[in-house]
Amino acid sequence: MRIFDPHIHMTSRTTDDYQAMYASGVRAVVEPAFWLGQPRTSPASFFDYFDSLLGWEPFRAAQYGIAHHCTIALNPKEANDPRCTPVLAALPRYLVKDNVVAVGEIGYDSMTPAEDTALAAQLQLAADHELPALVHTPHRDKLAGLRRTIDVVRESALPLERVLIDHLNETTVKEAKDSGCWLGFSVYPDTKMDEERMIAILRDVGPEKVLVNSAADWGKSDPLKTRKVADAMLAAGYDEDDVDLVLWRNPVAFYGLSGRLVLDVAGTEATHEGNSILRGGA
Ligand SMILES: [Zn+2]
């Protein structure tokens, strides 16, 4: 079984996670730029983070046989902090990098005017750079958040067919599907979406354009949730081709819209800026 986790924050995960993911079948991941929990106080802090998503983290992933790409953006939460918004002006120099396969995560957190501005500006950047966009929907007030998100995308230069709307659930999936966007589901331990609910949604809307991710980060989350959904699909009577569509071909098709997806991890360099990650030894 081959698995592509289209939304996972490996910066906050350990090498044990990489090892367990590989053993579970994960061969590719996309790491969206996001909020780090500790608020940033300057654009420079974003730039070091973006550089690490472009260089260090793909290097680390490759040690475990996993292809790593990223999405770059000013995240919705920090779009509200005037100390951070100058990042928007610097995004074009990151969006041209080979390893960037979308603009994201963008979208709404609290649905403020500052978030409106950042979302519209970044949808335009995606269109300008011929990249798709990963759009996060708020965890509170989900349906209103989804409707406003779809309205803003419709007013933008980016077609909904090039947008992945994430963190969907039973209340938002129908309208999201009708809009023509790609459908993202983050499967968490205990709260929000779980494997059984995911199966029920698949029965309801079918597997086309559906992507499942773990959204694992520094909070309570599980980087093996993609595999657990695959196993739940098989147990529910889906065949291996359906599993491959949802857990591999759909994410490959969506991020492939960038024209930059490279799933071969072969030619990895031995070190990253002098760091081999090796402990002890030579
Ligand atoms: Zn995320």
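Hi everyone, let's start with a pairing: A28 has A67 as its bridge partner in β3. The chain gets from β2 to β3 by way of helix α2 (residues 43-62), and this β-α-β crossover is right-handed, meaning that with the strands pointing away from the viewer, the path from the first strand over the helix to the second runs clockwise.

A word on the source: this is a predicted model, where local features need pLDDT of at least 70, side-chain atom pairs count only at pLDDT 80 or more, and totals for chains, interfaces and linings use all residues. Residues are numbered from 1 along each chain as its sequence is written. Helices (H or I, at least four residues) and strands (E, at least two) are DSSP runs, numbered from the N terminus.

Back to the strands. β2 (residues 26-32) and β3 run parallel, joined by five bridges; strands pair if DSSP finds at least two bridges between them. β4 (residues 100-107) is also parallel to β3, with three bridges, and V100 in β4 is the bridge partner of C70.

So how enclosed is β3? Largely, because six of its six residues are buried. Buried means 20 or more other C-beta atoms within 10 Å of a residue's own, exposed 12 or fewer, partly exposed in between, with C-beta atoms placed from the backbone. A67, H69 and T71 cover one side, and H68, C70 and I72 the other.

Finally, helix α3 (residues 87-95) has V87, L91, Y94 and L95 buried. They span an arc of only 85° around the axis, which puts them on the same side of α3; the arc uses directions from the helix axis to the C-beta atoms. On the other side, A89, P92 and R93 are exposed. Thanks, all!
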